[in-house]
Amino acid sequence: MKDAPQCSEHHLHPDLLKKAEQTLPDDGSLFALADLYKIFGDSTRLRILYVLYETELCVCDIAQICGMTVSAISHQLRILKQARLVRCRRTGKSAFYSLADSHVHTILAQGMEHIHEQMP
């Protein structure tokens, strides 16, 4: 693998530095974003999010589709709910889960589009 290209001379570009520094989020925001992306770093959680991509489902339905126990799915849903990626609606004894908002839908759609663009 080739090394990444580097500048042949070391000098700064003040106008570009200023623009980059002005758009750089604060450390707290960057840490929060990194934590959010860690949630997306688990294939089980991604599977659950995609199961909920078009419709809401109860925990039992999600477990059936994912081939996992209700307990395991509940654990993952708790993580997704704490990250505000899914929401829960109770009806009687059933709890129905769905994607929290259009942002989650967009993140999943754009991620999938990106990886499909990279495939030969």
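**Close-up views of the predicted model**

**View 1. Tyr50 is partly exposed, at a relative accessible area of 30%.** Residues are numbered from 1 along each chain as its sequence is written, and side-chain values use heavy atoms, with hydrogens and water left out.

**View 2. Two aromatic pairs turn up in a search of the whole structure.** One of them joins Tyr37 and Phe40, with 6.4 Å from centre to centre and 50 degrees between the planes, which makes the pair tilted. Both residues belong to helix H2 (residues 27-40), where they sit three residues apart, or about one turn of the helix. Phe40 is buried, with a relative accessible area of 11%. The rings of Tyr50 and Tyr53 are stacked, because their centres are 5.5 Å apart and their planes lie at 25 degrees. For the terms, rings of Phe, Tyr and Trp (its six-membered ring) pair if their centres lie within 6.5 Å; planes under 30 degrees apart count as stacked, over 60 as edge-to-face and the rest as tilted. Helices (H or I, at least four residues) and strands (E, at least two) are DSSP runs, numbered from the N terminus.

**View 3. Helix H3 (residues 43-51) meets helix H5 (residues 70-82), with axes that come within 10 Å and cross at roughly 85 degrees.** H3 is therefore roughly perpendicular to H5, the term for angles of 65 to 115 degrees (under 35 is roughly parallel, over 145 roughly antiparallel, the rest oblique). H3 brings Thr44, Arg45, Ile48 and Leu49 to the contact, and H5 answers with Ile73, Gln76, Leu77, Ile79 and Leu80. Sorted by class, this contact of H3 with H5 has six nonpolar, two polar and one charged residues. Axes here are lines fitted to C-alpha atoms, for helices over the stretch in contact, with angles from 0 to 180 degrees between N-to-C directions.

**View 4. Zoom in on Thr44, which has its place in helix H3.** Thr44 counts as buried, at 19% relative accessibility. Setting aside neighbours within four places in sequence, Thr44 is in contact (heavy atoms within 4.5 Å) with Met68 and Gln76.

**View 5. Ala100 sits in the loop between strand E3 (94-99) and helix H6 (102-118).** Ala100 counts as buried, at 15% relative accessibility. Beyond its neighbours within four places in sequence, Ala100 is in contact with Arg84, Leu85, Val86 and Arg87. Arg84 itself is in the loop between H5 and strand E2 (86-91), and at 68% relative accessibility Arg84 counts as exposed. Have a look at its backbone too: Arg84 has a positive phi of about 60 degrees although it is not a glycine. Most residues other than glycine have a negative phi.

**View 6. There are zero disulfides in the structure.** Cys66 is in no disulfide, and the nearest cysteine sulfur, that of Cys58, is 12 Å away. A disulfide is a pair of cysteine sulfur atoms within 2.5 Å. Cys66 counts as buried, at 12% relative accessibility, while Cys7 is exposed, with a relative accessible area of 64%.

How values were computed: Predicted model: local features only at pLDDT ≥ 70, side-chain atom pairs only at ≥ 80, totals over all residues. Buried < 20%, exposed > 50% of the residue type's maximum accessible area, 1.4 Å probe, protein only. Nonpolar A, V, L, I, M, F, W, Y, C, P; charged D, E, K, R; others polar.
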